[in-house]
Amino acid sequence: MLGGIFSFHSSWTNRQDTYNQKPLPLQCTSLNFRGFQLAQAMLFAIEEINNSKDLLPGISLGYNIYDSCGSIARSVRAALALANGNEVAWAPSEDPCTRFSQVQAIIGETSSSPCMAVATVIGPFHIPMISHSATCACLSDKNKYPSFLRTIPSDYYQSRALAQLVKHFGWTWVGAIRTNDDYGNNGMVTFTETAQKLGICLEYSVSFFRTDPPNKLQKIIDTIKSSTSKVIVAFLSYMDLEVVLHELSLHNLTGYQWVGTEGWISDSQTAAIDTGHILDGALGLSIPKAHVGGIREFMSNMDPLNSSSNVMFWEALFSCKFRLSKSSSENQRVCTGHEDLTGVQNSFSDVSLMPIFNNVYKAVYAVAHTLHGVLNCNKSCNKTVRLESYKVLRSMKKIQFTTKGGDEVYFNENGDPAAKYEIINWQPTAKGIVDFVTVGLYDTSLPADKQLNLQNTSLIWAQNSQQLPMSVCNDKCPPGTRKVLQKGKPVCCYDCLRCAEGEISNSTDSITCVQCHPEFWSNARRDACVRKKAEFLSYKEIMGALLTAASLFGTCITNVVAVIFFRYRHTPIVRANNSELSFLLLFSLTLCFLCSLTFIGRPTEWSCMLRHTAFGITFVLCISCVLGKTLVVLMAFRASLPGSNVMKWFGPAQQRLSVLAFTFIQVMICVLWLTIAPPFPLKNFKQFKNKITLECALGSAVGFWAVLGYIGVLALFCFILAFLARKLPNNFNEAKFITFSMLIFCAVWITFIPAYISSPGKFSVAVEIFAILASSFGLLFCIFIPKCYIILLKPENNTKKNIMGKGAQK
């Protein structure tokens, strides 16, 4: 015996019990043709097995089917009746419940909540219960429901598949409606968890049951109206969706993209009542199409006279009444019991639910194959074997067979089959009929990245549109910006902030901006790092060209003066102050002008070491020559005094030696500097944000300031000596010119220090070059130009007599 629990009615009449008498059974209402179809699928499978010679030979299967009316309480009552073997479940029995169950398995129920209640009750008795349509993932818990199995996949997979489907089309801002029972609530919990991992947010999630008061349904309608999401995920049973659909049509709430579950997505009855085209373009998961050969003909040949329980069904199907008494109305159509079902067009004749019929068919065959194994059937079965429930259940969990339609049937450790779904798209036809088009597959047996497979089929979206709808809380943040969450809103709602300078984001919806490498900087769009422009004092820019021209001009002037002095080297004015020192000074000034060129151009390791050391040594050589000339003036004046013999201690040899000694000290300072911590090229990223300053790092600041300090000491000493000799006789004395030159030199380098420190980047190099050129021009003009003036324009004054101060005496 097989038990069956189906809902031949979808509701019942509420009654008020007075508790003064025994409560009457529920009065069922709202005839449900679908329940009859499922029962017929069960009967078809039983009849096919009984007529088979290979399966259960010599054994006939019987059935005992109950109507649950969609009531959980009535489902439990039916299950207890099947377990106890009592025809009337509520009638008291005097026999103790010591014998084995009359049924070996129960087929049903359709919904998850009744299945949970029934499975809880019969679980301790190990009676197998196989559902064809209950999908709640909670039923996979074998600790709570040890005897529950099913031939439909668990919502554990469907919920994840729906989330991946929503993610595939880029919908990150969706609404959700669910049936307020275990099917809808558990399914939506799994969907929400998966959706959050995939970056999908729910703007709202509302629950509904078909018996809820109208005001609750109105709140749901108001929620949808006020929402901004354009996609609605509906985890609803077809009965609840029909109630919601009616209300949506009254408010003309079209334009929403519906994503549905197997509970309604392939239901032709739901499509038929959608007169407002609310669900046009709906997308969802469906049980794969199946074909059970002969079931359509079996249902068409049903005879209501075989069982009185079918009378109400037959009357509702043909809108007639069986004449049971002579008092029946003469105008009332009379049922004969021989009406032809083939010409009837209603929900009973609709076999679009063939996949569900196939699930019932597989459930019955699973019981048959189990009994075949338990009874050790070959050509005949061992009828002496005791059919104990726990043995049947244990054997059923291990079965594996293939139906005549090619479907492989087996149960995993949770009592679930392999999860495979078809992706269905509602595509309205020109005749106004909805065509359920298969546009893809979802197969959990494949690798994770290949489970969702959409075909190259054109999809129809909401309002019969060909354009993919968008449903996001915000538009995507373009490259160059980053997402910043809006306070108090889900993670899918955010603002797009532009990346800061030096940071980029090169992808849409970036959550962070990436800092560019120090040698790079963000472009204007902040979507790419571009190499920073290297800044240094170049020959090609105006400032570099002017300083180069000034350096070369000073070099030329110095060489012109040297040529003049060489041409007139035998004249008194050239010979007066040691012509060797004059030529050495002109040579050192030439080097001073030229060393400024080492500061221009891209810094290299050699140019960095050369520029500071060359500058320090040439300037010391220059100052040493000026110092020597100053000492010559002083010594010459002292030598002109009676009895003075000082010039023999400071002759030409001593002058050359003093210049060499002063210069050698600077050379040693530079050698130590280059040995310990030489200058080196440096990329300065801190000076400017968007540019790299190429400069020469000092290496040792002590070495740099020692070089400058030594030059300053010599210049100050030279200035003091020249200042002391400023009042010597004019004709012989050039100390006054040296004083002016040293005054200019010291003024330049004193102002150089703060200017150098405060100048950024290449301008500090320009300041240093300017100081070199200014001091060099000061020495050249103050010391040599007056003499050139006399040589070239006043040759009459270029005589020994005039130099000695006798030319003016008459």
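I take contact to mean heavy atoms within 4.5 Å. The model I examined is predicted.

**Entry 1: Thr-548**

With that criterion I looked up the neighbours of Thr-548, leaving aside residues up to four places away in sequence; Thr-548 touches Tyr-539, Leu-597 and Ile-600. I located Thr-548 in helix α13, which spans residues 542–567. Is Thr-548 buried or exposed? I found a relative accessible area of 13% for Thr-548. Buried means under 20%, so a residue at that level is classed as buried, and Thr-548 is recorded accordingly as buried.

**Entry 2: the chain as a whole**

I next turned to overall figures. The chain has 810 residues, and 50% of them count as buried. Its secondary structure amounts to 21 helices and 26 strands. I noted an accessible surface of about 39,300 Å² for the chain, with 58% of this area belonging to carbon and sulfur atoms. I also checked sequence separation: among contacts between residues at least 6 apart in sequence, 67% join residues at least 24 apart.

**Entry 3: a five-stranded sheet**

I traced an open sheet of five strands and wrote down its order as β4-β1-β5-β6-β7, with parallel pairing. Which strands form the edges? They are β4 (63–67) and β7 (148–150), each of which pairs on one side only. From one strand to the next, the twist averages 25°.

I then examined the pairing of β6 with β7. Strand β6 covers residues 129–131 and pairs with β7 in the parallel sense over three bridges. Within this part of the sheet, I saw that Ser-131 stands opposite Arg-150 in β7.

**Entry 4: helices against the sheet**

I looked up which helices accompany these strands. Helix α1 (residues 33–50) lies across β1 (2–6), β4 and β5 (105–107), and its run makes about 165° with β1. Helix α11 (residues 354–374) also packs on the sheet, where it touches β1, β5 and β6. The direction of α11 makes about 175° with that of β5.

**Entry 5: a nonpolar surface patch**

Which residues make the nonpolar patch of about 390 Å²? I listed Leu-716, Ile-720, Phe-723 and Leu-724. I placed Phe-723 in helix α18, which runs over residues 701–724.

Note on methods: Residues are numbered from 1 along each chain as its sequence is written. This is a predicted model: local features need pLDDT of at least 70, side-chain atom pairs count only at pLDDT 80 or more; totals for chains, interfaces and linings use all residues. Side-chain values use heavy atoms; hydrogens and water are left out. Patches are made of residues with over 30% relative accessible area and no salt bridge: like charges are joined within 9 Å, nonpolar side chains (Val, Leu, Ile, Met, Phe, Trp, Tyr) within 5 Å. Accessible areas come from the Shrake-Rupley method with a 1.4 Å probe; for residues, only the protein chains shown count as cover. A salt bridge is a side-chain nitrogen of Lys or Arg within 4 Å of a carboxyl oxygen of Asp or Glu. Helices (H or I, at least four residues) and strands (E, at least two) are DSSP runs, numbered from the N terminus. Buried means under 20% relative accessible area, exposed over 50%, partly exposed in between (1.4 Å probe, protein chains only). Two strands pair if DSSP finds at least two bridges between them. Axes are lines fitted to C-alpha atoms, for helices over the stretch in contact, and angles run from 0 to 180 degrees between N-to-C directions.
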